Amino acid sequence: MKGMSQALKFGKSVHDNGWGMFTSFLAYKLKEQGKQLKKIDKWFPSTQMCSTCGNIKPMPMRVRTYTCSCGYVGDRDHNSARNIKKEGIRLLASA
Ligand SMILES: [Zn+2]
């Protein structure tokens, strides 16, 4: 989060106590339901990776749609979310 806030100029708000409290609370609430919180590596290329075939390509911020040579076309953030979900499942399976 520190690197992200510096890159995006969020200021101090995301790396003060708020983020830590949020993730602690989230982990607690998930545990109540028999679930667990998995954090993915901050360098995981969720935005650059195709969520269908795993190909990686540069994705400048202004590009809002991910278009891959495998035929996948999707919203930038939706593609990223699919990659994060897959990585979370991979981490759970390897734990
Ligand atoms: Zn692809």
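Trainee: Why is Arg90 called partly exposed?

Mentor: The relative accessible area of Arg90 is 48%. Buried means under 20% and exposed means over 50%, with partly exposed in between. Arg90 therefore counts as partly exposed. The model is a predicted one.

Trainee: What makes the contact of Arg90 with Glu87 a salt bridge?

Mentor: The closest N and O atoms of Arg90 and Glu87 are 2.8 Å apart. The rule asks for a side-chain nitrogen of Lys or Arg within 4 Å of a carboxyl oxygen of Asp or Glu, so the pair qualifies. Arg90 and Glu87 are 3 residues apart in helix α3, which means that about one helical turn separates them.

Trainee: Is Glu87 buried or exposed, and why?

Mentor: Glu87 has a relative accessible area of 11%. The limit for a buried residue is under 20%, so Glu87 is buried.

Trainee: What makes Glu32 and Lys29 a salt bridge?

Mentor: Their closest N and O atoms are 3.2 Å apart, and the limit is within 4 Å. Both residues lie in helix α2, 3 residues apart, about one turn of the helix. Lys29 is partly exposed because its relative accessibility is 34%, a value between the limits of 20% and 50%.

Trainee: Which parts of the chain does the salt bridge of Arg64 and Asp77 tie together?

Mentor: The side chains of Arg64 and Asp77 meet at 3.2 Å, N to O. Arg64 lies in the loop between α2 and β1 (65-67), and Asp77 in helix α3 (residues 76-94), so the pair ties together parts that are 13 residues apart in sequence. Arg64, at 39% relative accessibility, counts as partly exposed. Asp77 is also partly exposed, with 45%. By this rule, the count of salt bridges comes to 3.

Trainee: Why can Phe22 belong to a nonpolar surface patch?

Mentor: A patch residue needs over 30% relative accessible area. Phe22 has 43% relative accessibility, so it passes that limit and counts as partly exposed. Phe22 lies in helix α2. Together, Trp19, Phe22 and Leu26 make a patch of about 280 Å².

Trainee: What makes the arrangement around the zinc ion tetrahedral?

Mentor: The protein donors are the SG atoms of Cys50, Cys53, Cys68 and Cys70, lying 2.3 Å from the zinc ion. To count as donors, such atoms must lie within 2.8 Å of the metal. The 4 donor atoms subtend angles of 106 to 115 degrees. Four donors count as tetrahedral if all angles lie between 85 and 135 degrees, so the arrangement is tetrahedral. The donor residues are spaced C-x2-C-x14-C-x1-C in sequence.

Trainee: Is Cys50 buried or exposed, and why?

Mentor: Cys50 has a relative accessible area of 1%, under the limit of 20%, so it is buried. Cys53 has 44% and is therefore partly exposed.

Trainee: Where is Lys57, and how far is its C-alpha atom from that of Cys68?

Mentor: Lys57 is found in the loop between α2 and β1. The C-alpha atoms of Lys57 and Cys68 are separated by 8.8 Å, and the residues are 11 apart along the chain. Lys57 is partly exposed because its relative accessible area is 26%.

Trainee: Why does Ser80 count as buried?

Mentor: Ser80 has 11% relative accessibility. That value is under 20%, so Ser80 is buried. Its place is in helix α3. Ser80 and Ser46 are 34 residues apart in sequence, and their C-alpha atoms are 4.8 Å apart in space.

Trainee: What elements does the whole chain hold, and in what order do they run?

Mentor: There are 3 helices and 2 strands. From the N terminus on, they run α-α-β-β-α. Of the 95 residues of the protein chain, 22% count as buried.

Definitions and conventions: Residues are numbered from 1 along each chain as its sequence is written. This is a predicted model: local features need pLDDT of at least 70, side-chain atom pairs count only at pLDDT 80 or more; totals for chains, interfaces and linings use all residues. Side-chain values use heavy atoms; hydrogens and water are left out. Patches are made of residues with over 30% relative accessible area and no salt bridge: like charges are joined within 9 Å, nonpolar side chains (Val, Leu, Ile, Met, Phe, Trp, Tyr) within 5 Å. Accessible areas come from the Shrake-Rupley method with a 1.4 Å probe; for residues, only the protein chains shown count as cover. Helices (H or I, at least four residues) and strands (E, at least two) are DSSP runs, numbered from the N terminus. Buried means under 20% relative accessible area, exposed over 50%, partly exposed in between (1.4 Å probe, protein chains only). Donors are N, O and S atoms within 2.8 Å of the metal (3.2 Å for Na, K and Ca); water is not among the atoms, so sites may look incomplete. Four donors count as tetrahedral if all angles lie between 85 and 135 degrees; four count as square planar and six as octahedral if opposite donors are over 155 degrees apart and all others between 65 and 115; anything else is irregular.
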